[in-house]
Amino acid sequence: KLFEVAARMQDRDPKSKGYGNFRWSWSNPTVMDYNAVEFCMQGGALLWMRHRDKMSEGARKQLREILDFAVEGCLRHKVRESYTNIALMNAENLILLGEALDLPKAADEGYARLDRIYRYTLDNGICEYGSPTYYGVDLDDLVLTEAFMKREDGRKQVRALLDLFWTDIAMNFF
């Protein structure tokens, strides 16, 4: 049932700007917030990686279809590096979904986006808006990426970012 609802909420029109993305609510006639795919796929990637073997064949097929559309939604979602929490989540989703679904171009793009975030942050520091709220999202993004990504070069970048975030939190706690 969950996957049926998700599929109904997903924009599957290839001509649409929101293709692969999700509406936040039934009252939205179209995708109005392009961050939705990122939040949905953080859980979607974990469902696929950790639980697909426990699903019925039908549920697994439905989820895979949702994920395939969502990968395109993540690829089309161009997030500036200074929009830290969403940029990290977008890179995470492309990396994890690309690797889990055997879509090397998506994974490569995720690693490229992670590299741009990493380099941007080295040059400019952490640019997160509303840090007390969004640092939790940032840390979730980084921890999940580190836990499940396959490439060691990306893992080193994620660990460096985690060190930076935790240092910033410690230095500014009071």
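Predicted model: local features only at pLDDT ≥ 70, side-chain atom pairs only at ≥ 80, totals over all residues.
Asn124 is partly exposed, because its relative accessible area is 45%; the cut-offs are under 20% for buried and over 50% for exposed, with partly exposed in between, using a 1.4 Å probe and protein chains only. Asn124 sits in helix 5. Helices here are DSSP runs of H or I with at least four residues, strands are runs of E with at least two, and both are numbered from the N terminus.

Residues are numbered from 1 along each chain as its sequence is written, and side-chain values use heavy atoms, leaving out hydrogens and water.

Now the overall fold. The protein has seven helices and zero strands, and along the sequence the pattern is α-α-α-α-α-α-α. The radius of gyration is 16 Å, close to the 16 Å that the globule rule gives for 174 residues, so the protein is as compact as a globular protein of that length. That radius is taken over C-alpha atoms, and the rule is 2.2 Å times the number of residues to the power 0.38. The C-alpha trace spans about 50 × 35 × 30 Å along its principal axes. Of the 174 residues, 45% count as buried. For contacts, meaning heavy atoms within 4.5 Å, take the pairs at least 6 apart in sequence: 59% of those join residues at least 24 apart.

Next, the interior. In soluble globular proteins, nonpolar side chains tend to be buried together. Here the largest nonpolar core has 40 residues, and those with the most contacts inside it are Phe22, Met41, Leu67, Leu97, Leu114 and Leu142. Two or more residues come from each of helix 1, helix 2, helix 3 (57-76), helix 4 (84-100), helix 5 (104-124), helix 6 (131-148) and helix 7 (152-171). Helix 4 gives the most, with eight residues. A core in this sense is a set of buried Ala, Val, Leu, Ile, Met, Phe, Trp, Tyr and Cys residues joined through side-chain atoms within 4.5 Å.

What does Met41 touch? Leaving aside residues up to four places away in sequence, Met41 touches Phe22, Ile66, Leu67, Ala70, Cys74, Asn93 and Leu97.

Met41 also comes up in the largest pocket, which is lined by 16 residues, with Leu2, Ala6, Phe22, Cys40 and Met41 nearest its centre. The volume of this pocket is about 230 Å³. Helix 2 gives the most to the lining, six residues, and helix 1, helix 2 and helix 3 each supply at least two. By class, the pocket lining has 13 nonpolar, two polar and one charged residues. The classes are as follows: Ala, Val, Leu, Ile, Met, Phe, Trp, Tyr, Cys and Pro are nonpolar, Asp, Glu, Lys and Arg are charged, and the others, Gly among them, are polar.

For the geometry, a 1 Å grid is laid over the protein atoms alone; a cavity is a set of points where a 1.4 Å probe fits but cannot get out, a pocket is an open set with protein on both sides within 12 Å along at least five of seven lines, and lining residues have an atom within 4 Å of a point. Points are joined across faces, edges and corners, and a volume is the space filled by probe spheres set on them.

There is one cavity of 30 Å³ or more. Its lining consists of Leu88, Ala91, Glu92, Ile95, Leu114, Asp141, Leu142, Thr145 and Val158. Helix 4 supplies the largest share, four residues. By class, this lining has six nonpolar, one polar and two charged residues.

Asn35 is in the loop between helix 1 (2-9) and helix 2 (36-51). Buried or exposed? Asn35 is buried, because its relative accessible area is 11%. Its contacts, not counting residues up to four places away in sequence, are Trp24, His77, Tyr83 and Ile86.

Asp102 lies in the loop between helix 4 and helix 5. At 63% relative accessibility, Asp102 counts as exposed. Most residues other than glycine have a negative phi. Phi of Asp102 is near 60 degrees, a positive value in a residue other than glycine.
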